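Visitor: I'm new to this one and would like a short tour. Can we start with how the helices pack?

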Amino acid sequence: MNTEVFAARHIGIAEKDLPKMFETIGVENMEQLIYETIPDDITLKKALALPEGISEHEFLNHIQELSLKNKVFKTYIGLGYHESLTPSVIKRNILENPGWYTAYTPYQAEIAQGRLEALLNFQTMVSDLTGMEIANASLLDESTAAAEAMTMLFELRSRQQKKDNTLKFFVSEEILPQTLSLLKTRAVPLGIELVIGNHETFDFSEDFYGALLQYPGKFGQVYDYAGFAQKAKANEIKVAVAADILSLVLLTPPGEWGVDVVVGTTQRFGIPLGYGGPHAAFFATKEDYKRSIPGRIIGVTKDTDGNPALRMALQTREQHIKRDKATSNICTAQVLLAVMAGMYAVYHGPKGLKYIADKVHNQTKQLAKSLESIGFEPLNAAYFDTIKVAVKNSKRLREVAESKNINLNYVDANTVSISLNEAVSNEDLKTLISCFVESDDVKNHSAKNVEVGEVIPTALQRKTPFLEHEVFNSYHSETELMRYIKKLERKDLALNHSMISLGSCTMKLNAASEMLPLSWAHWGNIHPFVPLNQAEGYQEMLKTLEQQLNVITGFAATSLQPNSGAQGEYAGLMVIRAYHESRGEGHRNICLIPASAHGTNPASAVMAGMKVVVTKTDERGNIDIDDLEEKAKQHSENLAALMVTYPSTHGVFESSIKQITQLIHDNGGQVYMDGANMNAQVGLTNPATIGADVCHLNLHKTFSIPHGGGGPGVGPICVAEQLKPFLPTNPVVETGGDRAIDAISAAPWGSALVCLISYGYIKMLGYEGLTNATKAAILNANYIKDRLKGKFDVLYAGERGRAAHEMIIDCRPFKANGIEVTDIAKRLIDYGFHAPTVSFPVAGTLMIEPTESESLAELDKFCDALLSIRKEIDEASADDPNNVLKNAPHTLEMVTSDVWDYPYSRQKAAFPLPYVTENKFWPAIRRTDEAFGDRNLICTCAPIEAYAEA
Ligand SMILES: *Cc1c(COP(=O)(O)O)cnc(C)c1O
């Protein structure tokens, strides 16, 4: 074996396995299988125009060299991003640990209690620091969270006394520039009118439905918004505040003014800057609005035995599942980063956070007074960590600062702002001050160490305690935190235990060599708004990745800005919208979406201001062409787009796809391809070939970014030539096309840091490895399909009987024996497996996607498990629910209990097949009680009194 070929490490099946697999599915060779799977008219005839793959060793050398083209300056730019110190114990045991980063969104609560607890900690931390009642478990970035606040409050208008035509939303001029840009993007399609101004002169009598403030302001000024909040309330104007999380340790939390929403980022709680992301944003609000909150909320409930259990609360109301009734499309969030930020608070505790906030604040005061003593006028009266200073010539200052590897925020010719952070040393402060001295010909060089009084007004000094819960006051030594992290990790089933065959989610290998560079300072410690010449390594990597994706999709250009697939959908539709408008066809607003589409599709369309028209699927699971044609023609005057997933969410390469895309073009629409299933296409066909105009890719599915327990994600959009001018920009660092739409994400290149993973994936596999990976994914799926033949019905297949890279098995017939699809999902846990996707896109089914990374041995174990469960289904009876499926999953506590009241053996319960014995995974709890938790919604850790009572 050639140990330098990465493909052989990434692809799970070996050469020697092929004959057996071909025999099982009844083909001679791979070529025959692919021929029978992919329609002729869309099969690529040429190899991908990408270089050959390189070895892991070569890649690591290359990526290190490239990293040195990034210059790590001391950066005091602020604007929502701050250098932070990731505690090594968190870096090593979470960020670099596949037990955490390869997990999926906690849909199967019984095997996800660890990250659910970590997320509950995050929510508790956010609720406490903001002073709000309830918080979600992360959004994509601060600016997106602010936009979600704007739209949630918009939807809530109907509850106000005001008339429905209240469309005005006030935005303080203190808001961060990237947030303002994103608000513009999101406001337009909904008809929201943004009014930007000074909150001190805001006229409350006007007909506004809501307002957004920044706390502290973008250049550091700390305002007292209590009066504003009061007047707003009296005038039925809802108030959202974008707040700096560290400042809330010292400042009065906005919750105490009675505001409605508080949003922000938790980046500075131990998350690397990463040239813009990924970082977890937060969204905290009042209990009253719990049913309108975007994103996921973790809640407390109980399991079958009445023991405490965690799960995603109000799960059936998850925004994207509301389809065209949704007000937000958030699906993938920033779970891994939220886990890390929450753990930062666990490690430091309230006293540690206070220490850090005090240190940053005191250094800022010191800086302000030192600069004042040498003649620089401070422009902020009250501040936390950021000061604005008047200078004679900011250009000259910049030259000096850059010569000393320092970045400041140059506001204009005579003003700069400086934001400090926990990584600033006293030595750094001296160097910083010396820049001012040198730039301005100051005669008195010795800045004095003056006594500094209080600069936060008494009314704004935080008086309420925070993080009094046990979890934030227990794990302050490294040993203790290491063990706490391990304790949680052990409760979670991730890819480092077994295959996770979640259809549509593509849980493939996240290779260690792809992940390693994420830990390096030359990638991690780069602020998104540094001058381009300090980020040449990033620029080269990102440009190459864009080109790689252009080649793979067949398109002309790529934007890496969207932070998730759903944001990509939204971005793509906004680009289509801008294209129609540019041609004087701005009235085109109908979006056709097949009934089988993922819920984010209609949600994104509604957010983009489009009207969703659902088209039918035929009995074979394909788009019903007659129905599509009828609707395309009926709406041809106003047709904006078709959204189509390919291969379909039914796991089939529909052979009429070109006819479908042509039909849309003939009626004036553009074709949006949802690229979640791109893993079945790479190297064999592509979106341009099927006739699409734009697609998003989920780099966290097809291109190896780990799911992180529900994020990070990257959802770039790739577009055909005519859409290229409209790719999104950023207000601070220009990106995108020459007629760019406003920002989709806060950072110019979205979550740039994790783009390294996809870049490495493509680079190491090369054109041949990429294509072989696709073939292996298709082979694995068809192998499972044929092994389950006769025992489970596969719902759909292509014209020649083949599945694409995933398939749906029908579990509805088992209702006759009283068995629901959930019972099968939970029973799989006893066999050491995470369930496939449950009830999407068809209720009562499982969708299985093995990916190319699994070995034949693992595929066989999984099939053995399902076939064994099939026998158990036969043994079950609708009259008696006391069976091994209904009682699943079985915990260690159950099977070792002195009482055993079940009509089957303990061995059958816990060790149903021989392979289970040697690698048993014990679920931490029994089945969760969903209804109980939703009736008694608790979304924070128990208060300290609860422990006192117990
Ligand atoms: C995963 C998925 C999405 C949404 O992607 P996110 O990154 O979770 O926002 C959209 N469509 C399909 C078919 C998907 O499988």
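Predicted model: local features only at pLDDT ≥ 70, side-chain atom pairs only at ≥ 80, totals over all residues.

Visitor: Fine. At what angle do α11 and α13 pack, and how far apart are their axes?

Guide: Helix α11, residues 335-373, packs against helix α13, residues 426-440, at an angle of about 30 degrees. Their axes are 11 Å apart. With that cut-off of 35 degrees, α11 and α13 are therefore roughly parallel to each other.

Visitor: Is the crossing of α11 and α13 left-handed or right-handed?

Guide: α11 passes α13 in a right-handed crossing.

Visitor: Which residues meet there?

Guide: From α11, the residues are Gln 363, Leu 367, Ser 370 and Leu 371. They meet Asn 426, Leu 429, Leu 432, Ile 433 and Phe 436 of α13. Sorted by class, this contact has six nonpolar residues, three polar ones and no charged ones.

Visitor: What about α5 and α14, at what angle do they pack?

Guide: Helix α5 covers residues 88-95 and helix α14 covers residues 478-489; they pack at about 20 degrees, with axes 10 Å apart. That angle makes α5 roughly parallel to α14. The crossing of these two helices is right-handed.

Visitor: And which residues are in contact in that pair?

Guide: On the α5 side there are Val 89, Ile 90, Asn 93 and Ile 94, and they meet Glu 478, Leu 481, Met 482 and Ile 485 on the α14 side. The contact of α5 with α14 has six nonpolar residues, one polar and one charged.

Visitor: Which strands does β5 pair with?

Guide: Strand β3, residues 168-172, pairs with β5 in the parallel sense over four bridges. Strand β6, residues 238-243, also pairs with β5 in the parallel sense, over six bridges.

Visitor: What holds strands together in a sheet, in general?

Guide: Strands of a sheet pair through backbone hydrogen bonds, and the pairing is either parallel or antiparallel.

Visitor: Where would I see the antiparallel kind?

Guide: Look at the open sheet of four strands in the order β22-β23-β25-β24, where the pairing is antiparallel. Its edge strands are β22 (793-794) and β24 (837-838), and each of them pairs on one side only.

Visitor: How many bridges link β24 and β25?

Guide: Two bridges, in the antiparallel sense; β25 covers residues 845-848. For Thr 837, the bridge partner in β25 is Met 847.

Visitor: Where is Ser 839, and what is its phi?

Guide: Ser 839 lies in the loop between β24 and β25. Its phi is near 60 degrees, a positive value in a residue other than glycine. Ser 839 is partly exposed, at 32% relative accessible area.

Visitor: Which other residue has a phi near 60 degrees?

Guide: Asn 405 has one, again positive in a residue other than glycine. Asn 405 is found in the loop between α12 (394-403) and β12 (406-407). With a relative accessible area of 39%, Asn 405 is partly exposed.

Visitor: Why point those out?

Guide: Most residues other than glycine have a negative phi, and most peptide bonds are trans.

Visitor: Then which peptide bonds are cis?

Guide: Among them is the bond from Tyr 646 to Pro 647, with omega near -10 degrees. Pro 647 is in the loop between β18 (639-645) and α21 (657-666). Another cis bond runs from Gly 711 to Pro 712, with omega near 20 degrees. Pro 712 is in the loop between β20 (694-697) and β21 (717-719).

Visitor: Last one: is Gln 907 buried or exposed?

Guide: Gln 907 is exposed, with a relative accessible area of 55%. This residue belongs to helix α27, residues 906-910. The C-alpha atoms of Gln 907 and Ala 47 are separated by 52 Å, and the two residues are 860 apart along the chain.

Terms used: Residues numbered from 1 in each chain as written. Heavy atoms only, no water. Pairing = 2+ DSSP bridges. Axes fitted to C-alpha atoms, helices over the stretch in contact; angles between N-to-C directions. Parallel < 35°, antiparallel > 145°, perpendicular 65-115°, else oblique. Left-handed = near helix turned anticlockwise from the far one by under 90°. Contact = heavy atoms within 4.5 Å. Nonpolar A, V, L, I, M, F, W, Y, C, P; charged D, E, K, R; others polar. Buried < 20%, exposed > 50% of the residue type's maximum accessible area, 1.4 Å probe, protein only.
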